[in-house]
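Dear colleague,

I am handing over the structure below, together with some notes on its charged side-chain pairs and on the confidence of the model. Please read the notes with the structure open beside them.

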Amino acid sequence: MQQLLNFFFKNRTTVLFLILFLVAFTITTQSHDYHKSKFLNSSNQISGSIHGVFSSVGNYFNLKKENTILLEENNRLKAFVFNSKTGPLDTANIENKFKLTPAIVHKNSYRYLENYITLNIGENEGIKEDFGVITSKGIIGIIDQTSSNYSRVLSILNTKSKINAKLKNSNHFGTLGWDGVHHNSVQLNDIQDLAKIAVGDTIVTSGFSYTFPENIPIGRVASYELNATKDLYIINVQLFNDMTNLRHVHVIENLDIEELETLNPANE
């Protein structure tokens with residue numbers, strides 16, 4: 001206490017000046033509307049700036065929650081699209097043949113001949129082998145292994161990957177594979193030489209397998225040529241997905257797969 005008194009005594013002139021300045025400033029702002037309005041505007045600007053900073057910080061920390069909400073909504077809308085007979089949002093005609101589960105890419109490889117993607121969901125979320133995996137832009141692969149909390153995806157950038165695909169414009173179908181060369185393109189093989197093909201044509205899933213619904217985007221025709229026997233096309237497909245930059249994905253479950261496999265046990 002004595003030290004505090006000594007401080008005020010030694011700085012009595014400065015303290016007195018500050019007190020008188022505050023009194024004069026208060027009287028001036030209260031007695032003149034112009035000064036009062038200027039003071040309030042300045043205070044509001046400072047207060048608004050401070051609130052803006054805190055709001056930005058709060059929004060940043062809420063991004064994860066907002067992204068989760070958006071992913072779940074996107075997941076729900078995609079389920080409508082895959083299950084509806086007559087239109088994307090025609091809930092009266094939904095048969096519920098496909099279930100979608102949102103997931104996050106935990107690990108991704110694309111530099112090898114056999115590339116895999118790890119997701120942050122597994123058997124605890126009902127994930128099983130042979131479920132398809134897509135993004136909002138198109139397919140990325142098929143699940144080939146699962147654990148309790150994770151699952152591994154056989155990427156389309158894997159020389160072992162084989163997926164049924166077709167030309168969207170003509171419905172000619174073949175097998176989608178990867179030659180191990182470029183991470184932004186795959187090859188559609190076994191397309192009959194009678195098919196009409198043009199650079200820029202869209203390639204989509206055929207719907208002939210149990211893994212993917214029909215017409216999920218894959219990519220566009222970048223180039224094409226006949227094989228050695230001149231009866232089948234080899235088509236280079238520029239992928240819609242950037243396989244080097246994957247984050248939010250959807251896992252697709254065909255709810256009729258057991259019934260279909262009972263009828264067609266040898267189907268691929």
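**Salt bridges and confidence**

Arg152 and Asp144 form a salt bridge in which the closest N and O atoms are 2.7 Å apart, a salt bridge being a side-chain nitrogen of Lys or Arg within 4 Å of a carboxyl oxygen of Asp or Glu. Arg152 is partly exposed, at a relative accessible area of 25%, and Asp144 is likewise partly exposed, at 23%; here buried means under 20% relative accessible area, exposed over 50%, and partly exposed in between, with a 1.4 Å probe and protein chains only.

Please keep in mind that this is a predicted model, in which local features need pLDDT of at least 70 and side-chain atom pairs count only at pLDDT 80 or more, while totals for chains, interfaces and linings use all residues. Residues are numbered from 1 along each chain as its sequence is written, and side-chain values use heavy atoms, with hydrogens and water left out.

The search of the whole structure finds three salt bridges. In another of them, Lys166 pairs with Glu214, with 2.5 Å between the closest N and O atoms. This pair links distant parts of the chain, 48 residues apart, since Lys166 sits in strand E6 and Glu214 in the loop between strand E9 (202-205) and strand E10 (217-226); helices (H or I, at least four residues) and strands (E, at least two) are DSSP runs, numbered from the N terminus. Lys166 is buried, with a relative accessible area of 3%, whereas Glu214 is partly exposed at 44%.

There is also a salt bridge between the side chains of Lys160 and Glu114, at 3.7 Å from N to O. Lys160 lies in the loop between E5 and strand E6 (163-167) and Glu114 in strand E2 (residues 114-119), so the pair ties together parts that are 46 residues apart in sequence. Lys160 is exposed, at 51% relative accessible area, and Glu114 is partly exposed, at 37%.

As to confidence, the protein chain averages a pLDDT of 79, and 65% of the residues score at least 70, pLDDT being the predictor's confidence in each residue, from 0 to 100. Confidence is lowest in helix H3 (residues 33-61), with a mean of 49, and highest in strand E5 (residues 151-158), at 97. Over residues 50-55 the pLDDT stays under 50, and the model has zero contacts there beyond four places in sequence, a contact meaning heavy atoms within 4.5 Å. Residues 85-95 also have a pLDDT below 50, yet this stretch has 16 contacts beyond near neighbours in sequence. Where pLDDT is low, the predicted coordinates should not be read in detail.

With best wishes
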